[in-house]
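Welcome, and thank you for taking a look at this one with me. Please open the sequence and the model side by side before reading on.

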Amino acid sequence: MDFDAVLRNRLAAREGAGLLRTLRQAVAPIDFTSNDYIGLARSPELFAAIGQKLEQITPPLNGATGSRLLSGNSGYTEQVEATLARIFSAGATLIFQSGYSANLSVLSSMPQRGDTILCDELVHASIKDGMRLSLAKHHNFRHNDLQDLEDRLQRATGNVFIVVESIYSMDGDTCPLEELVALAERYSAFIILDEAHSTGVVGPGGSGLAVALGVHDKIAVRIYTFGKAMGIHGACVAGTRSVVEYLVNFARPFIYTTALPPHSMAAIDCAFAYVQAHGARLQQALRDTIEYFVQQVQDLPHVSRNNGAIQTALYPGNEHVRQVARQWQAAGFDVRPILSPTVPAGAERMRICLHTFNTREEIDLLASCLRALPGMVP
Ligand SMILES: Cc1ncc(COP(=O)(O)O)c(C=O)c1O
């Protein structure tokens, strides 16, 4: 049997369904697609600060040399985790290679057989993959629908986990966190909160939604990622000391992998120092950009007009939304269509990420593209 032919067959089927994925570099110069909301990935100051920090690491070390439980731990890593614990007002934090790995760790190791996981239907793939690895039962509740969640809480058994995101990655809307906390308390459920899209852009020093609302102590486990607004990569889980000790003992994606190198620790350290120093100004600049965008699309009901950096415009149908993307890309925008099954069929969309560095002229031009191609009203 020709293995390549087996693979080609599956790829051809995917291509036939219009779902073939390909790697592309920036498709156009004006960035409305990256998660670099406050411009840290492209910040020359942050780049220089990380370089300087690396020079100070003694002895110089190119790699972690092992997993955290073997030779890959260091005083510097623990120092950075202590800094993160202060920023996120947590008893402790544990650094992971990525948000994907952090979510996989939490969801696969914490809920046990006989427990119930109730997750918002729009949670990220990393949460879904983590749940698949868990022996607990798992059910979706309708997006941000507290009544549907409560109905399911009434029927749930064992330890019950509610899994939500602060800001949803594909819709850009925010979860009703205070109401969720009240509901969780009423049913003695534990909240797992993914703060991927709020880290850096919400809360003092980029500390996210739970800290901003003062409900962080009511959340069992929080996941923060550094590859979006923080402009670097990696993630951490924040919670009590027991949360961290538990993950060190039971989270297989943490245990069986080489630790992040000192370069990553320097990047995390410097990116958070940068946001401590400049976060308030950058968050205000982002709010100004969002406000300006929302004003320009006020009369366009197919555009989301969220109060966060992620906006959407509905153009149902994979081919339809692809066509829209091609037109906008030709106008100079790096924008990507979001196809089903990443979003439900019929909810295909253009996802528009706003940044501090997007100019008014760029937003005006984008608004004229949105006006020229009316989409579906949600
Ligand atoms: C909500 C959410 N959680 C987790 C992740 C994964 O984070 P990372 O890119 O650090 O693996 C993402 C990003 O893709 C995300 O949008």
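1. **What you are looking at.** This is a predicted model, in which local features need pLDDT of at least 70 and side-chain atom pairs count only at pLDDT 80 or more, while totals for chains, interfaces and linings use all residues. Residues are numbered from 1 along each chain as its sequence is written, and side-chain values use heavy atoms, with hydrogens and water left out.

2. **The annotated span.** An unreviewed UniProt entry places the feature "domain: Aminotransferase class I/classII large" at residues 30–364. UniProt positions follow the numbering used here, feature names are shortened, and annotations may be inferred rather than shown by experiment. In the model, this span is 41% helix and 16% strand, and its end C-alpha atoms lie 12 Å apart. Helices (H or I, at least four residues) and strands (E, at least two) are DSSP runs, numbered from the N terminus.

3. Strand 3 (residues 116–120) pairs with strand 4 (residues 137–141) in the parallel sense over 5 bridges; two strands pair if DSSP finds at least two bridges between them. Within this pairing, Cys 119 stands opposite Asn 140 in strand 4. Between the two strands the chain passes through helix 5 (residues 125–133), and this β-α-β crossover is right-handed. That term applies if, with the strands pointing away from the viewer, the path from the first strand over the helix to the second runs clockwise.

4. How many residues of strand 8 (residues 235–239) are buried? The count is 5 of its 5 residues, where buried means under 20% relative accessible area, exposed over 50% and partly exposed in between (1.4 Å probe, protein chains only). In a regular strand the side chains alternate between the two faces of the sheet. Here both faces are covered: Ala 235, Val 237 and Gly 239 are buried on one side, and Cys 236 and Ala 238 on the other. Strand 2 runs antiparallel to strand 8, joined by 5 bridges, with Ile 95 opposite Cys 236. Strand 7 is also antiparallel to strand 8, through 4 bridges, and Arg 222 stands opposite Ala 238.

5. The structure holds 8 aromatic pairs. Rings of Phe, Tyr and Trp (its six-membered ring) pair if their centres lie within 6.5 Å; planes under 30 degrees apart count as stacked, over 60 as edge-to-face and the rest as tilted. Phe 88 and Tyr 224 are stacked, at 3.6 Å centre to centre with 10° between the planes. This pair links Phe 88, in the loop between helix 3 (75–87) and strand 2 (92–96), with Tyr 224 in strand 7, 136 residues apart. Ring pairs link Phe 88, Tyr 224, Phe 226 and Phe 272 into a cluster.

6. **Salt bridges.** A salt bridge is a side-chain nitrogen of Lys or Arg within 4 Å of a carboxyl oxygen of Asp or Glu, and by this rule the count comes to 13. One of them joins Arg 152 and Asp 148 (3.5 Å, N to O); both lie in helix 6 (residues 146–155), 4 residues apart, about one turn of the helix. Asp 148 is buried at 8% relative accessible area, whereas Arg 152 is partly exposed at 25%. Another salt bridge joins Arg 371 and Asp 299 (2.9 Å, N to O). Arg 371 lies in helix 13 (residues 360–372) and Asp 299 in the loop between helix 11 (262–296) and strand 9 (310–314), so the pair ties together parts that are 72 residues apart in sequence. Elsewhere, salt bridges that share partners join Asp 31, Asp 36 and Arg 42 into one network.

7. **Charges over rings.** Where does the charged end of Arg 42 sit? The answer is over the ring of Phe 357, 3.7 Å from its centre. A charge counts as over a ring if NZ of Lys or CZ of Arg is within 6 Å of the ring centre and within 35 degrees of the ring normal. Arg 360 likewise lies over the face of Tyr 292, at 4.3 Å from the ring centre.
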